[in-house]
Amino acid sequence: MTSLLAVNVLKGNGVVCLTRLCKIPNNHNVIQVAFMKRLSLKENLAKPKPFPYWEKKCSTLRLALDPTLYRYDENSKLIIVDGLPATGKTKVCQKLAEEFGLLYMPPPTHDEIFINAYGYDLRELDSKLPIGIQSCDLKLFLKNPLHPQVPAFQLNWLYMRYEQYMNALLHILSTGQGVVLNRSIYSDVAFCDAMHNAGYLNKAVVAEFNLMKKNGLIGFLRPHLIVYLDSPPEVVQQNIKKRGNMDEINSKVFTTQYLSDIDKSYKEKSLSWLSSHTHILMYDWSKEGNVSDIIMNVENLDLEISESKSMLKDWIFADSDEIHMLMATYQEKNQLFSEMDRVTSETTLTPELWYSPYDLEAHEELLKTVESEKYQMGYHPAYGDKVLFKKDTSVLMSVCRRTPRDLVNYSEVKLPY
């Protein structure tokens, strides 16, 4: 059985080095390659062009003859870099991306929720809206973590990280290029626990979030590797002061207890649960360490996948049809979002996560006064959009974000082949 982590040399084939995700017949001579390679040491092999999922739907017809399997190699991996705030995650992500030819997806921000494709910021409407439907972003949370919209603030984080994770999986399966994420959907449990302990989220809201993650994560391929930068809260507080963001410096949120709760919950819940499947590298980052050491350790990490092992088993597929089905699911997104939002016997319908009909009506009426919200993105003549003979742009639509950055300009991404 081979996978995204295997490069196979097949006898008697015109293409000497092929990569497969599916089971290889016994009559083939297969060489497993289980280690990631820096671009400077990697053999430069010709590959098919990526499937352009940013402009074409992953339909059965389009993928029927697509050379999907031949795009993957030993670097077609999903890596997550995590740790407390202000630990240097961005630098590590960028270096991993540079050395191994990965796509770095920066963490989503609430700007993507509130600023539409034409640049209008819906937060400007807050003064005209009931407080129960006003916006809450990171800036407001840091200023007032007891704001009544903090549950909605955290729900937006959950949705955005959920969608970005799907985009990361879609990118890997469609292009063969690995992805590195700065935090992920698996970080959410730690922040929810810390916010609950601090009194920012009540027990019912946290229980609802946990149920949503339980339902939604079933459809996900878990990451190949998590790099955790371990730093004590006291050092993090010093780092926050050094980077000079006054919203963070003046906030009462980043207490020693709050940061300790994030760290404890992430290690005890997220990492412990993932450790049966995902490789985990943890580094003492009390003082900024040497990123070259991380690069070397990643290179030397045995990422072999086989049916006899439980590690990385999500990345073993029966055939290319299973991969195509996943590509379509991750591109469409609605199916998995519906699963996450599914109402079950465990659903509490906590009111903090639901808008009243009156507030929704007020919001909808106010949106009608915003010129750039009158039409769907790409179909607004007042902003220069051509609406006749237009391509299908539904693949660019986000389930939760007005500005789906992860799918914009992917045609310009430089692939490592």
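**Exercise 1.** Classify aspartate 82 as buried or exposed, then describe its salt bridge.

*Solution.* Aspartate 82 has 2% relative accessibility and therefore counts as buried (buried is under 20% relative accessible area, exposed over 50%, partly exposed in between, with a 1.4 Å probe and protein chains only). The model is predicted: local features need pLDDT of at least 70, side-chain atom pairs count only at pLDDT 80 or more, and totals for chains, interfaces and linings use all residues. Residues are numbered from 1 along each chain as its sequence is written, and side-chain values use heavy atoms, leaving out hydrogens and water.

Next, find the partner. Aspartate 82 forms a salt bridge with arginine 183, the closest N and O atoms being 3.4 Å apart (a salt bridge is a side-chain nitrogen of Lys or Arg within 4 Å of a carboxyl oxygen of Asp or Glu). Arginine 183 is buried as well, at 13%.

Last, locate both. Aspartate 82 is in strand β3 (residues 78-83), and arginine 183 is in the loop between β5 (179-182) and α6 (188-197), 101 residues apart (helices, H or I of at least four residues, and strands, E of at least two, are DSSP runs numbered from the N terminus).
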